[in-house]
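Please look through the structure shown below before reading the notes that accompany it. The points are grouped by topic, and each group can be followed by finding the named residues in the display.

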Amino acid sequence: MLVTHAENKVNVPADDAAKRRTQVNYLRSRLETHIAAHPDYDLVKLRASGSTAKHTAIRRRRGEGSDADVAAYVRASSVGGVDVEVSGLLDWLKDRCVEVYGAAKDAEDFVISDHAVGITLRGSGLKIDVAPVLYEDESDDRGHLVTRQGDKVLTSVTLHLTFIRTRRNAAGPNYRELIRLLKAWIREAKRNDDQLRCKSFLLELIVAHLWDNGWNGEGLAVNNYPRAFEQVLSYIARTELTAPVVFADFYAPSEVKSISDPIQVWDPVNPDNNVTRTYTDADRQRLVKTATSALEDVVWAAHAPTKGDANEAWRNLLGPAFEGA
């Protein structure tokens, strides 16, 4: 029943996903053409990023975010270096986007948000967020990404894609489907509690951690969604997110420094970036409480006396659109 729900209510329809990727590729090709004509151009390259690039995007509800994310690599020396003020950087990036893409577009199609330049594609209605990455010619597309909080964090969207692709290739396609279902759960949880904090990247890293290490002596059951749901929720509830999560794909775990943040889940491409550094202890406790309550629903659904009872438990988790079987 979770497979059906994912196909009908969670996953981005295949045609829509293909359209998003086509539009991102179009933006990228336009920039590459412009760079070829202007070799010293200070907008160096575009890289697809975010959930669309990772194939973990879920259907948007009205008013939610963008359809796709793109990282725009900006030559840092051309805008004042890595310490440049964010609003000025976004103004600069908007002007560059208008130079490259604006000939056949209206000025209102380019809108600055707190961390990116949104480009609306009128023909398709898609919105793509172009986020600046301050680039100093480092390898593996490493650069300082401007986050939604306005911080500048050294990262690599390319290595992030490699990180999730490595695990998906080992686990199979259900790996990313599990992430999409968990994202649907946390979105519903946030709808019921607007103080709840849990970024989708945190869920991705918890899934990766459990795939790498298992939980309670058992591997992550990516081919059994109810069981995998139970494992992820149990991990959050039982550990209370007090144990550091570190990966060894692109650096030695010993490079991570000891800190006192309430939750410590480390960026797999940067040992200096705790991706939950802004979470308070109250945020941690709230997320643990939410996962504990959800775990009770999952356990009840597994042993419910009727399908109706089981379906009702899953509706508590995934919203009233859940139809069951």
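The model is a predicted one, and the values given here were computed from it.

**Nonpolar cores**

- The largest nonpolar core has 58 residues, and those with the most contacts inside it are Trp-185, Phe-229, Ile-236, Trp-314 and Leu-318.
- At least two residues of this core come from each of helix H1 (2-10), helix H5 (157-171), helix H6 (174-192), helix H7 (200-213), helix H8 (225-239), helix H9 (281-303) and helix H10 (307-318), and the largest share, nine residues, is supplied by H6.
- Ile-236 touches Ile-206, Leu-241, Leu-287, Val-288 and Ala-291, when residues up to four places away in sequence are not counted.
- Another core, which lies apart from the largest one, has 31 residues, and among them are Ala-76, Val-79, Leu-89 and Leu-134.

**The largest pocket**

- The largest pocket holds about 1,600 Å³ of space, and of the 47 residues that line it, Asp-69, Arg-148, Lys-199, Ser-200 and Phe-201 are the closest to its centre.
- Two or more residues of this lining are given by each of helix H3 (50-54), strand S2 (68-75), strand S6 (142-146), strand S7 (152-156), H5, H6 and H7.
- When the residues of the lining of the largest pocket are sorted by kind, 17 are nonpolar, 14 are polar and 16 are charged.

**The second largest pocket**

- About 250 Å³ of space lies in the second largest pocket, which is lined by 13 residues, and of these Ala-189, Asn-192, Thr-290, Ser-293 and Ala-294 lie nearest its centre.
- The elements that give two or more residues to the lining of the second largest pocket are H6, H9 and H10, and the largest share, six residues, comes from H9.
- The lining of the second largest pocket divides into four nonpolar, four polar and five charged residues.

**The cavity**

- How many cavities of 30 Å³ or more are there? The count comes to one, and the largest cavity contains about 60 Å³ of space.
- The residues that line the largest cavity are Lys-54, His-160, Phe-163, Ile-164, Tyr-175, Ile-179, Phe-201, Glu-204, Leu-205, Ala-208 and Pro-268.
- H5, H6 and H7 each supply at least two residues of the lining of the largest cavity, with H7 giving the most, four residues.
- The residues of the lining of the largest cavity divide into eight nonpolar, one polar and two charged.

- His-160, which has its place in helix H5, is one of the residues that line the largest cavity.
- Is His-160 buried or exposed? His-160 counts as buried because its relative accessible area is 12%, and the cut-off for a buried residue is under 20%.
- Leaving aside neighbours within four places in sequence, His-160 is in contact with Thr-155, Phe-201, Asp-267, Pro-268 and Val-269.
- Ala-170 is also found in helix H5, but Ala-170 counts as exposed because its relative accessibility is 56%, and the cut-off for an exposed residue is over 50%.
- Ala-170 and Ala-321 are 151 residues apart in sequence, and the distance between them in space, C-alpha to C-alpha, is 32 Å.

**Positive phi angles**

- Most residues other than glycine have a negative phi, and the next two residues can be read against that background.
- Asp-141 has a positive phi of about 55° although it is not a glycine, and Asp-141 is placed in the loop between strand S5 (126-135) and S6, where it counts as buried at 9% relative accessibility.
- Leu-241 has a positive phi of about 55° although it is not a glycine, and Leu-241 is found in the loop between H8 and H9, where it counts as buried at 4% relative accessibility.
- Leu-241 is also one of the residues that Ile-236 touches.

**Cysteines**

- A search of the whole structure finds zero disulfides.
- Cys-97 is buried, with a relative accessible area of 1%, and Cys-198 counts as buried at 2% relative accessibility.

Methods:
Residues are numbered from 1 along each chain as its sequence is written. This is a predicted model: local features need pLDDT of at least 70, side-chain atom pairs count only at pLDDT 80 or more; totals for chains, interfaces and linings use all residues. Side-chain values use heavy atoms; hydrogens and water are left out. A nonpolar core is a set of buried Ala, Val, Leu, Ile, Met, Phe, Trp, Tyr and Cys residues joined through side-chain atoms within 4.5 Å. Buried means under 20% relative accessible area, exposed over 50%, partly exposed in between (1.4 Å probe, protein chains only). Contact means heavy atoms within 4.5 Å. A disulfide is a pair of cysteine sulfur atoms within 2.5 Å. On a 1 Å grid over the protein atoms alone, a cavity is a set of points where a 1.4 Å probe fits but cannot get out, and a pocket is an open set with protein on both sides within 12 Å along at least five of seven lines; lining residues have an atom within 4 Å of a point. Grid points are joined across faces, edges and corners, and a volume is the space filled by probe spheres set on the points. Ala, Val, Leu, Ile, Met, Phe, Trp, Tyr, Cys and Pro count as nonpolar, Asp, Glu, Lys and Arg as charged, and the others, Gly among them, as polar.
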